[in-house]
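Please keep the model in view while working through the points.

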Amino acid sequence: MFAYYLDLALRSLKRNKLLTALMVVAIGFGVAASMITYSVFRAVSGNPIPDKSAQLFTPQIDSWGPQQNLQGEPPEALNYVDAMALMRARAAKRQTLIYPVELSVLPGGNRDLPIKAEGYAVYGDFFPMFEVPFRYGSGWQAPQDQSRAPLVVLSEEFNRKLFGGADSVGRVIDLGGNEYRVAGVTRHWNPVPRFYGLFGSSGFEEPADFYIPFTRALDLKINTAGNNSCRGNIDMHGWDDWLRSNCVWITPWVELDTPAEVARYRSFLEGYAADQQRAGRFGWAPNVRLRDVMQWLAYEHVVPPESRISLMVALGFFLICLVNTVGLLLAKFMRRAGEIGVRRALGASRREIHVQFLIEAGTVGTAGGLLGLVLTAVGVSGVGLLFRPEIARLAHVDLSLVGLTLAVAIAATVVAAFYPTWRAAHVQPAWHLRSN
Amino acid sequence: MQIQPILAALRHHKAGTVLIALQIALTLAIVCNALFIIHQRVAHLSEPTGIDEANLFVIDNEWADRLSEQQIDAQMQADLAALRQLPGVRDAAPANSYPLRGGDWDDFITMTPDQVQKTTDAAVYLSDTHLIDTLGVKLVAGRNFRPDEIEPMGMREQKTPPVAIVTQALADKLYPDGSALGKPFYAMSKTPTTIIGIVRRLQRQEVGSWSRGYAYEAMLWPRRLDMQQGIYYIVRAKPGQLQTAMDEARKALFAQSRMRIIDPGDGVLSFAAIRHRAYDSDRGTAILMGIICAVLLVITGAGIVGLTSFWVGQRRKQIGIRRALGATRQDILRYFQTENFLIAGAGVVLGAILAVGLNLWMMRQLATDRMPLPYVLAGIVVLLLLGQGAVFTPALRASRVPPVEATRSV
């Protein structure tokens, strides 16, 4: 029966090519616009570390006070004093401080000019906390943090650039005029959005080149390549003044596995801020936050507004295409009232009329979906015209997007066909048999 | 023309009528919001920077080996001297940043050293006596820096200068009565900075929504920034020699020293490229909205053509009867046009409400601005015209139905 109805559908669609084409084009464009913008949106709004996002938290401490903070919210990073206090307290299972650094790599191998490398200064806990996968070697441990060891972990991409992809563990490289021994090489690892490094970046960069011990970076007075934000009168004459200042530039992350641990850490933060108030360092009541990965991404508005607007407008566009399809299907089906009357008179049930016309709608939906798929593929490859390059590069067509495009197109068209089909099934046979 | 019979006929086509009206309403809601977004983005990306963009380029120069601040200062001066001697170069200046670069250095400004809440926020440009000529900004009051006022400034050193040049926008914000020249302000410092010059217009480094309240508020400090991370060289080519100067400049710097990093890809950027990059999301959004608007109008128009054609087909007999009873072709044509006008009219009324609602929702969710009423009015006119245009062909076909049609059946 399905094959017969399909045949009927194709005949009917062929009868009025223009109307059919119009429906297919409307569905195709509607679904493609939605899918193109969705492919960008899902990339920028995704969970960068799905299995641990609820166990990773970034503590915030208001070190600026109610008159200078961010409209009641604490600053988005820590100053050096508070950051070191959190590390010393060791109140979480794992914890790290992070700041971005940029270092030069001197000529060597087949390069005759120095190049720039971008990385992060981190604690050893960074690697197990964020589940960084390793190709060779490993990260470092707490003793190396304490001994301020000159170690480095390279990314797979950077290792390829420097060592042609060979196992470089134990080799020594020069970064920014200082030597580091390679402790490990990661596999490709680039959580998007880069939740742990949002202070001074959009979160959508290429993978980092390297990671060095935070303690070592401080010894070498390596400046932050990210944001640095200060309040009040700044009396600063060099590195040590900067460390003592209220300037925030360090991002802390902690791992807390159970709700009890989270509650305990929260009260630890409150207690720390209260201690600072008692000591006279803060002239205000404790104002702290402890956000997990998804809360942090939402708070930082990581999803670019244009991505959200585009998705909303595209969905509105799709909705209009569907309303359009409802109207055209209605016209198409009702034009065949006579034919329906004959079928009903010859014994076809309403259910059979329903099935017949829904199959016809499904055929239109499939054709629209296929057109949509082509347009989506073209659109995603041209998405660089519409979004910043670093974001456009995240959009790609994969199997799930192909499936979704087809499923959405067919489902939407069939849903759009419900009303016209219902009308067709309720055609009064007698009325139509009387004329003609 | 009688409206009553048209309404009576529409009652027999409730579903189709509602669908066309709904489609027009939704289209109006989306199109006028999209037009508003396009207009805003285009206005934003056409804002002038106030500098001689056509002849400017920027070199992102990073130091490769670890140098002392004295060494950096010496190398920078040598680089600048070499750049300024190039035949294609008019002038060159060092700077911590440049307009449209994106987030960089800005300071809170207060009128007294003890004031806690800021008066405003100003972008900070650190450079020497050459910056004004290099950028091509116009000094409208006061004077440029003197060479003896320029001092080197190292990493994490806040050497707030005793004198600064400010933009007209900043001067007006600090001293609305126009008396800014010679007056002091405080830039996160206990010591005052005196305004010695005012430039007409200079864009900030950051032009995102965050800094909209401080647009064009910037100041120039007489400071050479000796930072390990590097420095920007802003270079103004002689008219028509931009490309030559860009090539010459890279070569000249590497001839000075090879221990530097100038990215082969975007280490030397013309200002046109900088502008293109700074506004790519604005331009992209405008393009996307434009495409969606255009396709939407086509699809809505085509939908009206389709449904009206169906109605014409259905009513051939009735049309024939009317023609047989003496209605002219003109009458039939006008009938369908009026019918469409009534449906579209209902649609745009609903659409106007939806459009304002959508705008309010976007204001809440996405912090966009309030859409001025003319956008809705323009949208209404566009959709009414679209409806009339779309209905014309089927209506014309209806008007050609011969009176003999009335006798065809039964």
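**Note on the two chains**

1. In chain B, 83% of the contacts with a separation of 6 or more are between residues 24 or more positions apart; two residues are in contact if their C-beta atoms, placed from the backbone, lie within 7 Å. The model is predicted: local features need pLDDT of at least 70 and side-chain atom pairs count only at pLDDT 80 or more, while totals for chains, interfaces and linings use all residues. Residues are numbered from 1 along each chain as its sequence is written, and chains are lettered from A and ligands numbered from 1 in the order in which they are written.

2. Chain B has eleven helices and 13 strands; helices (H or I, at least four residues) and strands (E, at least two) are DSSP runs, numbered from the N terminus. The radius of gyration of chain B, at 32 Å, is well over the 22 Å that the globule rule gives for 410 residues, so the chain is more spread out than a compact globule. Here the radius is taken over C-alpha atoms, and the rule is 2.2 Å times the number of residues to the power 0.38. Along the principal axes, the C-alpha atoms of chain B fill a box of roughly 105 × 50 × 35 Å.

3. Of the 410 residues of chain B, 46% count as buried, meaning that 20 or more other C-beta atoms lie within 10 Å of the residue's own.

4. The largest nonpolar core has 136 residues, and those with the most contacts inside it include Val152(A) and Ile234(B). Such a core is a set of buried Ala, Val, Leu, Ile, Met, Phe, Trp, Tyr and Cys residues joined through C-beta atoms within 7 Å.

5. The contact takes 55 residues from chain A and 51 residues from chain B. On the side of chain A that touches chain B, α11(A) gives the most, with 20 residues. By class, that side has 32 nonpolar, 15 polar and eight charged residues. Ala, Val, Leu, Ile, Met, Phe, Trp, Tyr, Cys and Pro count as nonpolar, Asp, Glu, Lys and Arg as charged, and the others, Gly among them, as polar.

6. How do α11(A) and α8(B) cross, and at roughly what angle? Their axes, lines fitted to C-alpha atoms over the stretch in contact, come within 10 Å and cross at roughly 10°. That makes α11(A) roughly parallel to α8(B), a term for angles under 35 degrees, on a scale from 0 to 180 degrees between N-to-C directions.

Technical notes
A residue is buried if 20 or more other C-beta atoms lie within 10 Å of its own, exposed if 12 or fewer, and partly exposed in between; C-beta atoms are placed from the backbone. Angles under 35 degrees count as roughly parallel, over 145 as roughly antiparallel, 65 to 115 as roughly perpendicular and the rest as oblique.
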